[in-house]
Amino acid sequence: MVSTNYAPELTGIGPYATQLAEHWAASGARTQVLTGMPHYPAWRVDDHYRGVWRREESREGVRVHRRRHYVPPRQTALRRAAFEASVLVHGILAPPPGRPDAVVSQMPSLAGGVIGARLARRHGVPHIPVVQDLMGAAAAQSGIRGGGRAAVVAAKAERHALRGAALVGVIHESFVEGVTALGVDPGRIRVVPNWTHVQSPSADRAATRARLGWAEGTPVLLHSGNMGLKQGLDVLVGMARLAPDIRVVLMGDGNQRDGLRERAAGLPNLDFLPPAGADDFTDVLAAADVLAVTQRASVLDMSVPSKLTSYFVSGRPVVASVADAGGTADEVRRSGAGVLVAPEDPAGLLAAVRRLVADPAAAESLGAHGPRYVAQHLSREAGLARFDALLAEALGDAPGGATRAGDERAGDTRAGDERAGDTRTGAEHTGESQGGASR
């Protein structure tokens, strides 16, 4: 597997890459991962890896090969290009040893996709890129400086990584059109949604609120995750200005955090929290009254936030300030666990939050749809089984079990979930057709 993000990163793509690699290692596969230094979402290299050029680790049966790369403290098209170039050069110069049976690459990293394609071609084995974000569309839609020019270059790199792939996985059906436009035959695209990678909340909600200093009777709107350009988090700062009676909490890190703090100066009802640890993450989510997911109005088909799977687990209602035509809006509608408001509209966001706060019973009912949706469609077992099917199909060991583009969505599948149910007993050690393979 080639994935710029990997454990110990706790948010974003890292947990999915980690759980997938560890799942295959547990099945008996010789699993190697080529990755970078832990840096996300802070966009700062973890203290334990500062100054490290190369490192080899064994984590839960997976051989992890880390390569140093540039980490931009602020995002511009030029800085992002330097990041990708450093990942690409070091990955090509120092790939993992040995001949794999298949190469899986996690993309949003353009460099990771190109490295994966190169390694697969060099060894004459299938390449299976998994599209978590479309970077060409991201550059065009996220508002990053110089994004227009970067979008053209990014699309060329994506086309190079995807066109020769045996199969292409996409985490949401809204990506299919963009991947097809890059020259991929729709018959080779499979929908493999991300699963929830966190545990259900278990702590007493009142005790968690007291620990965090959230007074009973004061509504709390919480946003968790990356603080980047595409999130458009200024809408939350604007809402906090309009509603001094509502506590707005931004929990996480990212390259826009410092700028947001400056713009929120003097707002006593807006708090910044560091990312919560894995042991109490969902307890913090569940302690809030409403959870927010926000995106710039221009963000349509390039990203579906991974935070949604964690939000749904928490059982709290979600307010999504996102474009109605995008994949994030589709996912919120499908879950039944949230409401949609126009993006970049603080007053509209506030009105939606006030409606939920004013009707606790309706808010509880809305939030209760989240855990049910997760249980039916986003379980870890079902998600890993779909990736087993994707890999088996690419290796020619089994017919496709992941949902084909244009078929019923894998995260919403009846067919896909039935397959997951058939294999769930052995999902953690699926080795019948793949045991001993090297990935």
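Student: Are Tyr16 and Trp195 buried or exposed?

Tutor: This is a predicted model, in which local features need pLDDT of at least 70, side-chain atom pairs count only at pLDDT 80 or more, and totals for chains, interfaces and linings use all residues. Residues are numbered from 1 along each chain as its sequence is written, and side-chain values use heavy atoms, with hydrogens and water left out. Buried stands for under 20% relative accessible area, exposed for over 50%, and partly exposed for what lies in between, with a 1.4 Å probe and protein chains only. On that scale Tyr16 and Trp195 are both buried.

Student: Which kind of aromatic pair do Tyr16 and Trp195 form: stacked, tilted or edge-to-face?

Tutor: Rings of Phe, Tyr and Trp (its six-membered ring) pair if their centres lie within 6.5 Å, and planes under 30 degrees apart count as stacked, over 60 as edge-to-face and the rest as tilted. By this rule the count comes to five aromatic pairs. For Tyr16 and Trp195 the centres are 5.2 Å apart and the planes are at 90° to each other, and the pair is edge-to-face.

Student: How many residues apart in sequence are the parts that the pair of Tyr16 and Trp195 ties together?

Tutor: Helices (H or I, at least four residues) and strands (E, at least two) are DSSP runs, numbered from the N terminus. Tyr16 lies in helix α1, whereas Trp195 lies in the loop between β7 (189-191) and α7 (205-212), so the separation of the two parts in sequence is 179 residues.

Student: Which residue forms an edge-to-face aromatic pair with Phe312?

Tutor: The centres of Phe312 and Tyr373 are 5.7 Å apart, with 90° between the planes. Because Phe312 belongs to helix α11 (residues 307-314) and Tyr373 to helix α14 (residues 360-377), the pair ties together parts that are 61 residues apart in sequence.

Student: Where does Trp43 lie, and is it buried or exposed?

Tutor: Trp43 is not a glycine, and yet its phi is positive, at about 55°. The residue belongs to the loop between β1 and β2. Its relative accessibility is 7%, and therefore Trp43 counts as buried.

Student: Is Glu60, which also has a positive phi, buried or exposed?

Tutor: Glu60 has a phi of about 50° although it is not a glycine, and its place is in the loop between β2 and β3 (62-67). Because its relative accessible area is 62%, Glu60 is exposed.

Student: Are helices α8 and α13 roughly parallel or roughly perpendicular?

Tutor: Axes are lines fitted to C-alpha atoms, for helices over the stretch in contact (contact means heavy atoms within 4.5 Å), and angles run from 0 to 180 degrees between N-to-C directions. Angles under 35 degrees count as roughly parallel, over 145 as roughly antiparallel, 65 to 115 as roughly perpendicular and the rest as oblique. Helix α8 (residues 234-242) and helix α13 (residues 346-358) have axes 8 Å apart and pack at an angle of about 65°. The two helices are therefore roughly perpendicular.

Student: At what angle do helices α2 and α3 pack?

Tutor: The contact between helix α2 (residues 77-93) and helix α3 (residues 110-123) has axes 8 Å apart, at an angle of about 25°. This makes α2 roughly parallel to α3. Among the residues that make the contact are Val87 and Leu88 of α2 and Val114 and Ile115 of α3, and the angle asked for is about 25°.

Student: Which residue just after α12 takes a positive phi?

Tutor: The buried residues of helix α12 (residues 327-335) include Ala329, Glu331 and Val332, and the buried residues of this helix pack against β11 (290-294), α11, β12 (318-321), β13 (338-341) and α14. Just after α12, a positive phi of about 75° is taken by Gly336.
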